[in-house]
Amino acid sequence: MAAATDVIVVPKPHDTTAARTLRFAARAPVHVILVVLGLLWLVPTFGLFITSILPASTLASNGWWQIFSHPSLATWSNYNAMFHNHGLLTALKTTAYIAVGNTLLVVVIGALAGYAFAWLEFPGRDWLFLGVIGLLVVPLQMALIPMFRLYDKTGLFDTVLGIILFHAAFGLPFAIFLLRNFFIGLPKDILESARIDGASEIRIFVRLILPLGLPAIASLSIFQFLWTWNDLIVALTFGQNTQPITVWIFGQLREFGTSIDVIAPASFISLIVPLAVFFAFQRYFVQGLLAGSVK
């Protein structure tokens, strides 16, 4: 007779080859559709890359798809000339300063405000948070003319700092909303234990909130960086000599519309940088999107 403590192991049903084949056949149409959609989505990017490595004289007569019949036409001379273009290098540096600077500003201020709205008690907290939510619906284009006049009077027009502050102002409502909702879902017992041990609010924020909120902060950083890097209207409105990469490419299209050997590699570099940032932080981005969905 088996002892009372013996564990009875129930064998798992055998997964036959026919069952696996049926499951694969059922999922195959979905997989095929997803692959086709993915390839179609990549066609413009692939075409831009091929265009960037073809001579301008070749592109004038035929499209980029001629690379399949004449692979020898490919050349890296366009990129070599691009990285010796002073105007383009300056535009890339300006774009990096604006994108990184405003992203850091939005993340720091948004995290501090999100923590305050989530865990600190102060008069009018809920009303202030409703005001932040209301700012989410204000369109960016609505503030261009008033801010242009303000920038012109304060000397912020055509400066990197002015563009950074404008992007930060319109990025903060979403940042505060996102981080506050994430922080408020953190375990309350951890914060209370830290306060009982004598930790200050700044220490709790630095040692607990920031590490635990890393997925949401990384997601916010990716969003803000991409929005700023790809911006055209704000930089075009508040910049004259201060030109990020989007404005520089727009100027080349307007002045030298036939300089495809300059525009194509610059556009591909402008595309590949935010794409690389996204894939570098993809793991945190997915965690931030899924955080709070399962309790």
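In which loop is G63 found? G63 is found in the loop between α2 (56-59) and α3 (77-82). At 15% relative accessibility, G63 counts as buried, a term that stands for under 20% relative accessible area, with exposed meaning over 50% and partly exposed in between (1.4 Å probe, protein chains only). In sequence, G63 and G47 are 16 residues apart, and in space their C-alpha atoms are 9.2 Å apart.

The structure is a predicted model, in which local features need pLDDT of at least 70 and side-chain atom pairs count only at pLDDT 80 or more, while totals for chains, interfaces and linings use all residues. Residues are numbered from 1 along each chain as its sequence is written, and side-chain values use heavy atoms, with hydrogens and water left out.

The secondary structure of the protein consists of 14 helices and zero strands. Helices (H or I, at least four residues) and strands (E, at least two) are DSSP runs, numbered from the N terminus. Along the sequence the pattern reads α-α-α-α-α-α-α-α-α-α-α-α-α-α. Of the 295 residues in the protein, 34% are buried. Contacts (heavy atoms within 4.5 Å) were also sorted by separation in sequence. Among contacts between residues at least 6 apart in sequence, 73% join residues at least 24 apart.

Two packed helices are described by the angle between their axes and the distance between the axes. Axes are lines fitted to C-alpha atoms, for helices over the stretch in contact, and angles run from 0 to 180 degrees between N-to-C directions. Helix α7 (residues 160-183) and helix α10 (residues 214-229) pack at an angle of about 160 degrees, and their axes are 10 Å apart. The two helices are therefore roughly antiparallel to each other; angles over 145 degrees count as roughly antiparallel, under 35 as roughly parallel, 65 to 115 as roughly perpendicular and the rest as oblique. The crossing of α7 with α10 is right-handed. A crossing is right-handed if the near helix is turned clockwise from the far one by less than a right angle, and left-handed if anticlockwise. On the α7 side, the contact is made by H167, G171, F174, A175, L178, L179 and F182, which meet A216, I217, L220, F223, Q224, W227 and T228 of α10. By class, the residues of this contact are 10 nonpolar, four polar and no charged. Nonpolar here covers Ala, Val, Leu, Ile, Met, Phe, Trp, Tyr, Cys and Pro, charged covers Asp, Glu, Lys and Arg, and the others, Gly among them, are polar.

Helix α7 also packs with helix α5 (residues 125-135), at an angle of about 125 degrees and with the axes 8 Å apart. Helices α5 and α7 are therefore oblique to each other, and α5 passes α7 in a left-handed crossing. F129, V132, I133 and L135 of α5 make the contact with P173, I176, F177, R180 and N181 of α7. The contact of α5 with α7 has seven nonpolar residues, one polar and one charged.

A further partner of α7 is helix α6 (residues 144-154), with an angle of about 145 degrees and axes 12 Å apart. Helix α6 passes α7 in a right-handed crossing. L144, M147 and Y151 of α6 meet G162, I163, L165 and F166 of α7.

In helix α8 (residues 188-196), K188 and E192 lie four residues apart, about one turn of the helix. Their side chains meet in a salt bridge (3.8 Å, N to O). K188 is partly exposed at 48% relative accessibility, and E192 is partly exposed at 35%. The side chains of D126 and R125 also form a salt bridge (3.7 Å, N to O), and R125 is buried, with a relative accessible area of 16%. R195 and E201 are joined by a salt bridge whose closest N and O atoms are 2.9 Å apart. R195 is partly exposed at 31%, as is E201 at 29%. Salt bridges that share partners link E121, R125 and D126 into one network.

T95 lies in helix α4 (residues 86-119) and is buried, with a relative accessible area of 2%. Leaving aside residues up to four places away in sequence, T95 touches W229, P244 and I245.

Notes
A salt bridge is a side-chain nitrogen of Lys or Arg within 4 Å of a carboxyl oxygen of Asp or Glu.
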